[in-house]
Amino acid sequence: MCKGDFDDSAIDDASQDTKRDPYFAFIPQIARYGANVISGELNTVKNAVVGFPSWSKQFSMDTYDFYKKNPRTLFDEVVSGFTVAIMQVPES
């Protein structure tokens with residue numbers, strides 16, 4: 001053997017004793033993980049759709065009450081919206 005060569009028979013012997021999964025065995029695991037993520041997201045969307053009517057009614061009532069008590073805030077928000085709209089006209 002030359003100085004740069006090494007005996008790889010020990011590596012070969014050790015690798016023969018190692019049990020390995022098939023090359024693409026990870027794909028079903030990734031698919032299951034993805035399916036679980038999608039299932040969780042679908043449950044979140046379902047809960048949001050089911051809960052939206054009651055949530056939106058309460059939100060609308062709270063918003064109306066807030067702006068009724070704070071008319072200056074409503075005025076500032078409307079003026080701010082117009083200002084932003086006018087500033088964006090040259091960009092379009």
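Biologist: Let me start with a single side chain: is Phe 59 buried, partly exposed or exposed?
Modeller: Keep in mind that this is a predicted model. Phe 59 has a relative accessible area of 47%, so it counts as partly exposed.

Biologist: And what is the overall layout of the protein chain?
Modeller: Along the sequence the pattern reads α-α-α. That's three helices and zero strands.

Biologist: How much of the protein chain is buried?
Modeller: Of its 92 residues, buried ones make up 1%. The accessible surface is about 8,800 Å², and carbon and sulfur atoms account for 63% of that.

Biologist: How do I read a pair of aromatic rings?
Modeller: You describe a pair of aromatic rings by how far apart the centres are and by the angle of the planes. Here the count comes to four aromatic pairs. One of them joins Phe 52 and Trp 55: the centres are 5.9 Å apart, with 40° between the planes, and the pair is tilted. Trp 55 also pairs with Phe 59, this time stacked, at 5.2 Å centre to centre and 15° between the planes.

Biologist: Where do Trp 55 and Phe 59 lie?
Modeller: Both are in helix 2, four residues apart, or about one turn of the helix. Phe 52 and Trp 55 are three residues apart in helix 2, so about one helical turn separates them too. The ring pairs link Phe 52, Trp 55 and Phe 59 into a cluster.

Biologist: What about charges: how many salt bridges does a search of the whole structure find?
Modeller: One. Asp 76 bridges to Arg 72, with 3.3 Å between the closest N and O atoms. Both residues belong to helix 3, residues 71-88, and are four residues apart. Asp 76 is partly exposed at 37%, while Arg 72 counts as exposed at 57%.

Biologist: Which residues form a nonpolar patch on the surface?
Modeller: Tyr 23, Phe 24, Phe 26, Ile 27 and Ile 30, with about 590 Å² of accessible area together. Ile 30 is in helix 2, and at 52% relative accessibility it counts as exposed.

Conventions: Residues are numbered from 1 along each chain as its sequence is written. This is a predicted model: local features need pLDDT of at least 70, side-chain atom pairs count only at pLDDT 80 or more; totals for chains, interfaces and linings use all residues. Side-chain values use heavy atoms; hydrogens and water are left out. Helices (H or I, at least four residues) and strands (E, at least two) are DSSP runs, numbered from the N terminus. Buried means under 20% relative accessible area, exposed over 50%, partly exposed in between (1.4 Å probe, protein chains only). Accessible areas come from the Shrake-Rupley method with a 1.4 Å probe; for residues, only the protein chains shown count as cover. Patches are made of residues with over 30% relative accessible area and no salt bridge: like charges are joined within 9 Å, nonpolar side chains (Val, Leu, Ile, Met, Phe, Trp, Tyr) within 5 Å. A salt bridge is a side-chain nitrogen of Lys or Arg within 4 Å of a carboxyl oxygen of Asp or Glu. Rings of Phe, Tyr and Trp (its six-membered ring) pair if their centres lie within 6.5 Å; planes under 30 degrees apart count as stacked, over 60 as edge-to-face and the rest as tilted.
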